[in-house]
Amino acid sequence: MDMENIKFDGERLFILDQTLLPNEEKFIEMKSIEDCWNAIKLLQVRGAPAIGIFAGYALALFHGNNIEKAKAYLDSSRPTAVNLSWATARILNAYKDGRSLIDEAIAIHNEDIEMCRKISEYGLSLLHNGDGILTHCNAGELATSKYGTGLGPLILGKEKGYNFHVFSDETRPLLQGARLTSYELEKAGIDITLICDNMASLVMKKGLINAVLVGCDRVAANGDVANKIGTSGVAILAKHYGIPFYVLGPYSTVDFNTPTGEDIIIEEREADEIKTMFYEKPTALSETKCFNPAFDVTDNSLITAIITDKGIAYPPFDKSLKELLK
């Protein structure tokens, strides 16, 4: 089944509020650029490709009298996700060229669907029927468009008759793996087992994992990757146990203006996401300090391959990522 997350009816823009999943499926209408900024910041829409699609529609519809100011405002909502500024730049260029902004936003959406299909096909070529797969965070249709990136090979594989057993890290503190990945894969009829983040090593040690699939928010020119916080730890475990670690994302996520992972800005979020969100009572004292980065950077030495819509890149990534353009 398709997991629609963004709807544009020709005039109005709606998003599936992902903060309410899995308990409530509710679409909300965006009526201003402030609504759109909040939707990205508050993770009502999330996942780098989905943010890009959404931002394209948002800028096209709500740019007001100063489109460059509106672009900068939207870009500030999630600075780590390169797809956000990439999509708003496309809308800005369409504006400068006198082209239809809505047509450009629709093109971004349709292109993402095709990109996800290609990523899913490339990713599936590296997997085998019956494989055990570990996922971290959520990189399915909710985070992108049809199929997704990190989950795309699993969803496409299901369509083609593959049977996978997926272990999904819950992904603290926002529980995307629990709330979203397990939700998506259950809906798709894929065998899914939810585990706590700190159980990843055990399922690897038991020989239950044949590959790790994760999405990405930004890829540096040397192949360092910004992923959801905790992903680098999973990569270290995979390296230790000799398990392939695959990063999947659209080629637009590769930022050749970012030389290494050290140059990626890591967004730090509010402490309440750790202590109070999704809990009836706080899990720590109000005065207890928290460190809550949204992302970390997975070193390229830990990555088996980066799978894009333009093909599969293998180490050394500083060369192979550029080769995919040829």
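**A sheet, a helix, a buried threonine and a pocket**

In this predicted model, Leu 248 has Ile 307 in S13 as its bridge partner.

Reader: In which sense do strand S10 and strand S13 pair?

Author: Strand S10 covers residues 245-248 and strand S13 covers residues 305-308. Three bridges join the two strands, and the sense of their pairing is parallel.

Reader: Which strands are the edge strands of the open sheet?

Author: The sheet has seven strands with mixed pairing, in the order S6-S5-S4-S7-S10-S13-S14. An edge strand here pairs on one side only, and this holds for strand S6 (191-195) and strand S14 (311-313).

Reader: At about what angle does helix H9 run to S10?

Author: Helix H9 takes in residues 231-241 and lies across strand S4 (132-135), strand S5 (165-169), strand S7 (211-214) and S10. Its angle to S10 is about 145°.

Reader: Is Thr 144 buried or exposed?

Author: Thr 144 sits in the loop between S4 and helix H6 (152-159). Beyond its neighbours within four places in sequence, Thr 144 has contacts that include Asn 5, Pro 49, Ile 53 and Cys 116. Its relative accessible area is 1%. Buried means under 20%, so Thr 144 counts as buried.

Reader: How many residues in the lining of the largest pocket are charged?

Author: The largest pocket has a volume of about 170 Å³. Its lining includes Lys 41, Arg 179, Arg 269, Glu 270, Asp 272 and Glu 273, and among the others are Thr 19 and Phe 278. The lining divides into five nonpolar residues, one polar and, as the number asked for, six charged.

Technical notes. Residues numbered from 1 in each chain as written. Predicted model: local features only at pLDDT ≥ 70, side-chain atom pairs only at ≥ 80, totals over all residues. Heavy atoms only, no water. 1 Å grid on protein atoms, 1.4 Å probe; cavity = no way out; pocket = protein on both sides within 12 Å on 5 of 7 lines; lining within 4 Å. Points joined across faces, edges and corners; volume = space filled by probe spheres on them. Nonpolar A, V, L, I, M, F, W, Y, C, P; charged D, E, K, R; others polar. Pairing = 2+ DSSP bridges. Helix = DSSP H or I, 4+ residues; strand = E, 2+ residues; numbered from the N terminus. Contact = heavy atoms within 4.5 Å. Axes fitted to C-alpha atoms, helices over the stretch in contact; angles between N-to-C directions. Buried < 20%, exposed > 50% of the residue type's maximum accessible area, 1.4 Å probe, protein only.
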